[in-house]
Amino acid sequence: MKKILHISKYYPPYHGGIEDVCFNIVQALKREYIQKVICFNDSSNSILSEVDGVEVMRASIICEVASQPVSFSFYSLLKKYIKVFEPDIVHLHVPNPLACVYLLQCLPSAVKLILHWHSDIIAQKSLYKLFVPIEKKILERADKILATSPQYLDYSVPLFHYRNKAVIIPNMVSLNKLQLKGCEEEIDELRAIVCKKRKIVFFMGRHVPYKGIEYLIEAEKYISSDCIILIAGSGPLTEELKKNSHSDRIKFIGRIPDKDIKIYMGAADVFAFPSVTKNEAFGVVLAEAMYCRAVPVTFTIKGSGVNWVSVKDETGLEVENRNAEAFGKAIDLLLIDDKLRIDLAENAHKRVVDMFTIDTVQECLQKVYM
């Protein structure tokens with residue numbers, strides 16, 4: 001059996017899109033490969049643990065700068081794992097600049113490097129200029145580059161000269177996490193008690209600028225239908241968003257426990273996904289909502305995989321970027337037109353089953369690892 005060392009920024013139970021993708025890949029390949037994971041911890045201690053039978057080393061950090069964990073222990077631990085574990089393949093999830101720097105120093109030439117390209121570095125423009133030479137080296141060293149959608153590959157400037165070794169591997173969702181069978185009573189209870197049987201518009205994600213939550217708040221005044229807008233999650237913008245929200249139809253409900261996510265998605269009529277930049281490269285939570293038949297409304301984001309995950313007028317509605325009025329009217333249309341919403345919901349569910357599950361992605365990954 002081949003041995004794979006996965007390198008992620010963090011790893012569950014830490015929550016994040018990249019972390020979930022890494023976890024799903026590890027779970028999908030447990031029977032075929034011997035695997036270990038190394039990532040950063042979110043504290044000043046290094047911790048060796050086991051997650052669902054797979055060893056996970058979490059390296060201590062001293063701080064976080066521009067979303068990058070800073071750790072000196074990560075290098076020594078990475079070097080040790082490569083020497084002792086002797087992986088045949090290293091699967092590195094990026095962006096993760098510090099891991100790239102360290103890996104280039106200690107990865108033997110005989111070890112195959114799979115670079116999982118989740119997103120270009122967009123927000124940290126000044127720091128990114130310093131990283132460009134390292135980025136080029138890691139791209140040159142990579143044996144295969146995994147892009148999560150055709151759109152992202154087409155519009156990614158860093159990947160332009162490396163398209164010959166790029167493969168499209170979409171992110172995957174875990175159907176075990178999203179099974180709604182047996183949850184009907186809880187869904188009905190949520191609708192009856194929390195929402196008083198009003199139709200539900202649901203958002204879930206980190207409260208950060210690229211998520212565009214302010215446009216959802218602005219869009220509320222263009223929704224004429226009786227509904228409630230539930231905004232789940234938290235982040236640095238939470239308090240500011242609350243201050244700017246003046247409608248009693250908008251409820252901030254905080255972070256939802258993992259076991260309850262599918263209940264909210266199953267109860268939702270519309271999934272509001274107002275992300276506005278390529279920082280939203282794919283949208284795992286978007287695919288999860290689609291599987292649960294919550295019909296998405298998205299903005300058009302040039303070069304993002306969002307508009308590939310949900311297809312305009314086929315699995316959801318898509319409007320001009322940052323146009324809050326159009327966003328609100330699209331939500332309203334779905335709330336008014338039950339037939340349209342149900343048709344789109346079924347198409348959305350089928351698209352996820354056909355393209356974004358562990359079973360469909362697993363075969364592609366195995367070919368890459370060969």
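Which residues are linked in a network of salt bridges? Arg 191, Lys 199, Asp 269, Asp 338 and Arg 341 are; a salt bridge here means a side-chain nitrogen of Lys or Arg within 4 Å of a carboxyl oxygen of Asp or Glu.

A few notes before the views. This is a predicted model, where local features need pLDDT of at least 70, side-chain atom pairs count only at pLDDT 80 or more, and totals for chains, interfaces and linings use all residues. Residues are numbered from 1 along each chain as its sequence is written, and side-chain values use heavy atoms, with hydrogens and water left out.

View 1. Searching the whole structure turns up 20 salt bridges. One of them pairs Asp 343 with Lys 339, at 2.8 Å from N to O. These two sit four residues apart in helix H14 (residues 338–355), so about one helical turn separates them. (Helices are DSSP runs of H or I with at least four residues, strands are E runs with at least two, and both are numbered from the N terminus.) Lys 339 is exposed at 60% relative accessible area, while Asp 343 is partly exposed at 35%. For these labels, buried means under 20% relative accessible area, exposed means over 50%, and partly exposed is in between, using a 1.4 Å probe and protein chains only.

**View 2. Two further salt bridges.** Arg 163 pairs up with Asp 154, and their closest N and O atoms are 3.4 Å apart. Arg 163 counts as partly exposed, with 36% relative accessibility, and Asp 154 is partly exposed too, at 49%. Asp 258 and Arg 255 also meet through their side chains, at 3.6 Å from N to O. Here Asp 258 is partly exposed, at 40%, whereas Arg 255 is exposed, at 51%.

**View 3. A negative patch on the surface.** Glu 184, Glu 185, Glu 186, Asp 188 and Glu 189 gather here as a patch of negative charge. Patches are built from residues with over 30% relative accessible area and no salt bridge, joining like charges within 9 Å and nonpolar side chains (Val, Leu, Ile, Met, Phe, Trp, Tyr) within 5 Å. The accessible areas come from the Shrake-Rupley method with a 1.4 Å probe, and for residues only the protein chains shown count as cover. Asp and Glu count as negative, Lys and Arg as positive, and His and the chain ends are not counted. Each charge is placed at NZ of Lys, CZ of Arg, CG of Asp or CD of Glu. Glu 186 belongs to helix H7 (residues 184–194) and is partly exposed, with a relative accessible area of 40%.

**View 4. Lys 211, a buried lysine in a loop.** Lys 211 lies between strand S11 (199–204) and helix H8 (213–219). Its relative accessibility is 8%, so it counts as buried. Leaving out residues up to four places away in sequence, Lys 211 touches Phe 203, Arg 206, Pro 274, Ser 275 and Glu 280; contact means heavy atoms within 4.5 Å.

**View 5. His 118 and its neighbours.** His 118 is in the loop between strand S8 (112–117) and helix H4 (125–141), and at 6% relative accessibility this histidine is buried. Not counting residues up to four places away in sequence, its contacts are Ile 18, Val 21, His 93, Val 94, Pro 95, Thr 148, Asn 171 and Ala 281. Two of those contacts, Val 94 and Pro 95, are joined to each other by a cis peptide bond with omega of about 15°. Pro 95 falls in the loop between strand S7 (89–94) and helix H3 (97–106).

**View 6. Another cis peptide bond.** This one joins Pro 12 and Pro 13, with omega of about 20°. Pro 13 lies in the loop between strand S1 (3–7) and helix H1 (17–28).

View 7. Asp 52 is not a glycine, yet its phi is positive at about 50°. This aspartate is in the loop between strand S3 (47–51) and strand S4 (54–59), partly exposed at 45% relative accessible area. Glu 86, also not a glycine, has a positive phi of about 50°. Glu 86 sits in the loop between helix H2 (73–85) and S7 and is exposed, at 52%.

**View 8. Helix H11, mostly covered.** In helix H11 (residues 284–291), eight of its eight residues are buried. After H11 comes Arg 293, with a positive phi near 70°.
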